[in-house]
Amino acid sequence: MAALTTGALLVFLIIFVALVLFVTEPVPIDVTAIGIMVSLMVLGPWTGVSPSDGVAGFSNPATVTILSMMILSEGVRRTGLIQRLQQTIASYTGTNEYRQLGATIGIVGPLSGLINNTAAVAVLVPMVNDLAHENGTSPSKLLLPLSYASMFGGMLTLIGTSTNLVASSLSAQYIDRPFSMFEFTHLGVVVFVVGSAYLLTVGNWLTPSHVTPRSERETTAKEEFLTELVVREHSPVIGTTIRDALEEVDFEAEVTQLIRNDRYVSSPPLSTTVQSDDVYTVRLTDDALQTLLDVDGVDLVPGVTAEADLETLAPEQTLVEIVLTAGSELIGETIDSAGFSDTYRARVLAVRRGGKITHERLSEFTFRPGDALLIESEPETVDRLADDPNVIVAGDLALQQFRSSKLPIAVGVILAVVGLAAIDLLPIMVSALAGVLTMLATGVVKPAEAYESVQWDIIFLLAGVIPLGNAMAETGGADILGALVVSSADVLPAVAVLGLFYLVTALMTNVVSNQASVVLLVPVAVDVASRLDANAFAFVLAVTFAASTAFMTPVGYQTNLFVYGPGKYQFRDFVRVGGPLQFLLAIVTTVGIAFFWGL
């Protein structure tokens, strides 16, 4: 085994600290990535990372290509293509749940092969949500398969996921063999077929029904939120019991917490007498919330900063549900610090986190990816929110004016980008940049919209972690890890070692960034293959496929976060549905790589 040098020890220490920060997220992941980059450069004499090497991730072809694909995806979304698809699908599926599920998988898969799969899910979540509600199906039966199928589809082409592009860049660096556009499409098709069969059978049985369709709202409640109410001195409900107060306003709600004289009472009895200045935490639907706004002497606490804010909804105001994306600038902020009234011309009325209702004080509620917020805003604000990369509008986007006339141009640009790269006429980075320029020149997407569509946290994450792989190779860290894995070859055949690599990568990807997993493990995979005298490309592919299939946690892949809130999922749902799928595809992918490329 290679000797543990000072440089390797420092790199392993940086990796350990980075993994802890990636999992616990005390700071955003892009901040951690920049910390990695800075640490490697500061410790350059030992890590072998010079200042120019440290910032090379910003100019890496994978980083530039991913940025370009984000803008191209935005151009497609701006044409209203997704809304057209929704209408077509609804007319075909009707109320048949299996047809809806099959259509969802059948659309997101191929689409994720043409545009980045994260972008595909971002634009399809509202469509699938509405499709389910309008046809009497629980959205949670469709949203989790939507996320999983997008991961399958992402493995159909080089540009399906940012992970593929990073892995291609690393493969070119370490074994001088980048991926072509359809390098692994045949294996991707196998994975897509097997994964889809699972989702339509066993997976469908395991997927929970957490969300009640709106078409059944007459018998069961809609999505529930938490809000806080303060009782003013002049309120007529003072002196009555909580039960009488609820009956008087005639809406169903559950009081989960009472704050009186700075004392917290969880689930207060309905016989409790209402007093002035009581603050109640109430669980209720958005319909009930609108009724509540008319109650005299009872005001909403969240987002209230001035007396003028206490007015009821004006006719031109509307209630909108938004979901925070993983890269949102709102993550880590509170309702007050986010400045909704100034930034979004809206105020937060209520909140929901995943499948659970939070019990912390709403003024202290710190936003996390996947949180759902019920906000009051003007209709034109909905258009702006629909364009905001920080949030997903979980509802009808009919107010937005799409550029339908630009649809042929957008589709043509995407096909040209894919085609030029497929026939090796242009590198994918060049064709993608040319596609962005064409969309900007033809007005498919405007310059300001292009900048807004880029998930800058992902760009900085890539730029920060790419030098880490180089440091592992330079200091001998990859050799050390490779020697440890190779030791298992004494008792395992090469195909089993390949499968072991897949599982290690998959498990790591479920708790840290998939790009970080690729950067860390590709150098190790290449070293292991050389020690076993095996096909290095096969081991690189195992890492690539495994890093793009994080099914077991909501934080393992960004598409999981997109569906986490709207589907009201819990952590165990991902383990229950994604666990068997993870191990099924570990076997299928490992055998497929050995069959198609050999060891």
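The model is predicted, with local features taken at pLDDT of at least 70, side-chain atom pairs at pLDDT 80 or more, and totals for chains, interfaces and linings from all residues. Residues are numbered from 1 along each chain, and side-chain values use heavy atoms, without hydrogens or water.

**Exercise 1. Work out how helices α10 and α25 pack.**

Start by finding the helices (DSSP runs of H or I, at least four residues, numbered from the N terminus): α10 covers residues 162-175 and α25 covers residues 536-547. Next, take the angle between their axes (lines fitted to C-alpha atoms over the stretch in contact, with N-to-C directions compared from 0 to 180 degrees). The angle is about 160°, and the axes are 10 Å apart. That makes α10 roughly antiparallel to α25, a label for angles over 145 degrees. The crossing is right-handed, a term for a near helix turned clockwise from the far one by less than a right angle.

Now list the contact residues (heavy atoms within 4.5 Å). From α10 come Thr163, Asn164, Ala167, Ser171 and Ile175, and from α25 come Ala536, Phe537, Val540, Thr544 and Ala547. Sorted by type, the contact of α10 with α25 has six nonpolar, four polar and no charged residues.

**Exercise 2. Find which residues have the most contacts inside the largest nonpolar core.**

A nonpolar core joins buried Ala, Val, Leu, Ile, Met, Phe, Trp, Tyr and Cys residues through side-chain atoms within 4.5 Å; buried means under 20% relative accessible area, with a 1.4 Å probe and protein chains only. The largest core has 120 residues, and those with the most contacts inside it are Leu72, Leu146, Tyr148, Phe152, Met439, Leu468 and Phe539. Zoom in on Tyr148: leaving out residues up to four places away in sequence, its partners include Leu199, Phe551 and Phe574.

**Exercise 3. Is Val121 buried or exposed?**

First place Val121 in helix α8 (residues 117-134). Its relative accessible area is 0%, so Val121 is buried. Finally, compare Val121 with Ser150: they are 29 residues apart in sequence and 6.9 Å apart in space, C-alpha to C-alpha.

Notes. Helix = DSSP H or I, 4+ residues; strand = E, 2+ residues; numbered from the N terminus. Parallel < 35°, antiparallel > 145°, perpendicular 65-115°, else oblique. Nonpolar A, V, L, I, M, F, W, Y, C, P; charged D, E, K, R; others polar. Buried < 20%, exposed > 50% of the residue type's maximum accessible area, 1.4 Å probe, protein only.
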